[in-house]
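Please read them with the sequence and the model side by side.

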Amino acid sequence: MDKPQTNSVDFAKALADPTRQQIMQLCCCEWLNVGQIVEAVGVSQPTVSHHLAILREADLVKVRAEGKHSYYTINQERVAHCCGLLLEVFAPESEAADRLKVLPSSS
C-alpha cells in the first residue's frame, strides 16, 4: 500500500521539532540504528523512537531491518519534494519555483 503524499503542512510539522531536525541531520547520507541515534542526540530511546515514528509517518526517513536492529536514513527524494512544495506555496514566483515547474514530477 502506498503512503499518502506528505503535504507542506505535514512536512513543516515534522520538521518543527529540534530533536527531529537533529535526527535528520545525523541520518543524512548514512544508515544509523536507534542506539547510535540515542547516543548522538543524548535523549532516551523511547524519545528517539517517538520522533522516528513521526518522521516515518511523514515518509522523511527510510528504514531497513537488519537482525534485531532497524536502521534509518533520510529519504532525500521525499525531503527534496517537500521543499519543492514549500517553494510552490510560499515563493511561487521565485526562480527556484520556476525551475521546479519544468522538472518531471517524482511522485
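1. Is E66 buried, partly exposed or exposed? Keeping in mind that this is a predicted model, the computed relative accessibility of E66 is 42%, and E66 therefore counts as partly exposed. The side chain of E66 meets that of R64 in a salt bridge, with 2.9 Å from N to O, and R64, at 31% relative accessibility, counts as partly exposed.

2. K62 has a relative accessibility of 35%, so it counts as partly exposed.

3. A further salt bridge is formed by the side chains of R78 and D59, at 3.5 Å from N to O. Because R78 lies in helix 5 while D59 lies in the loop between helix 4 and strand 2, the pair ties together parts that are 19 residues apart in sequence. Both R78 and D59 are buried; for D59 the relative accessibility is 15%, which is why it counts as buried.

4. With a relative accessibility of 64%, C29 counts as exposed, whereas D59 counts as buried.

5. Turning to the packing of helices, helix 2 (residues 18-26) and helix 4 (residues 45-57) meet at an angle of about 80 degrees, and their axes are 10 Å apart. The two helices are therefore roughly perpendicular to each other. Helix 2 contributes T19, R20, I23 and M24 to the contact, and helix 4 contributes V48, H51, L52, I54 and L55. Sorted by class, the residues of this contact are six nonpolar, two polar and one charged.

6. Finally, the largest nonpolar core has 20 residues, and I23, I37 and L60 are those with the most contacts inside it. Several elements each supply at least two residues of this core, including helix 1, strand 3 and helix 5, but helix 3 gives the most, with four residues. Leaving aside residues up to four places away in sequence, I37 touches I23, L26, C27, L32, G42, V48, L52 and Y72.

Methods:
Residues are numbered from 1 along each chain as its sequence is written. This is a predicted model: local features need pLDDT of at least 70, side-chain atom pairs count only at pLDDT 80 or more; totals for chains, interfaces and linings use all residues. Side-chain values use heavy atoms; hydrogens and water are left out. Axes are lines fitted to C-alpha atoms, for helices over the stretch in contact, and angles run from 0 to 180 degrees between N-to-C directions. Angles under 35 degrees count as roughly parallel, over 145 as roughly antiparallel, 65 to 115 as roughly perpendicular and the rest as oblique. Contact means heavy atoms within 4.5 Å. Ala, Val, Leu, Ile, Met, Phe, Trp, Tyr, Cys and Pro count as nonpolar, Asp, Glu, Lys and Arg as charged, and the others, Gly among them, as polar. A nonpolar core is a set of buried Ala, Val, Leu, Ile, Met, Phe, Trp, Tyr and Cys residues joined through side-chain atoms within 4.5 Å. Buried means under 20% relative accessible area, exposed over 50%, partly exposed in between (1.4 Å probe, protein chains only). A salt bridge is a side-chain nitrogen of Lys or Arg within 4 Å of a carboxyl oxygen of Asp or Glu.
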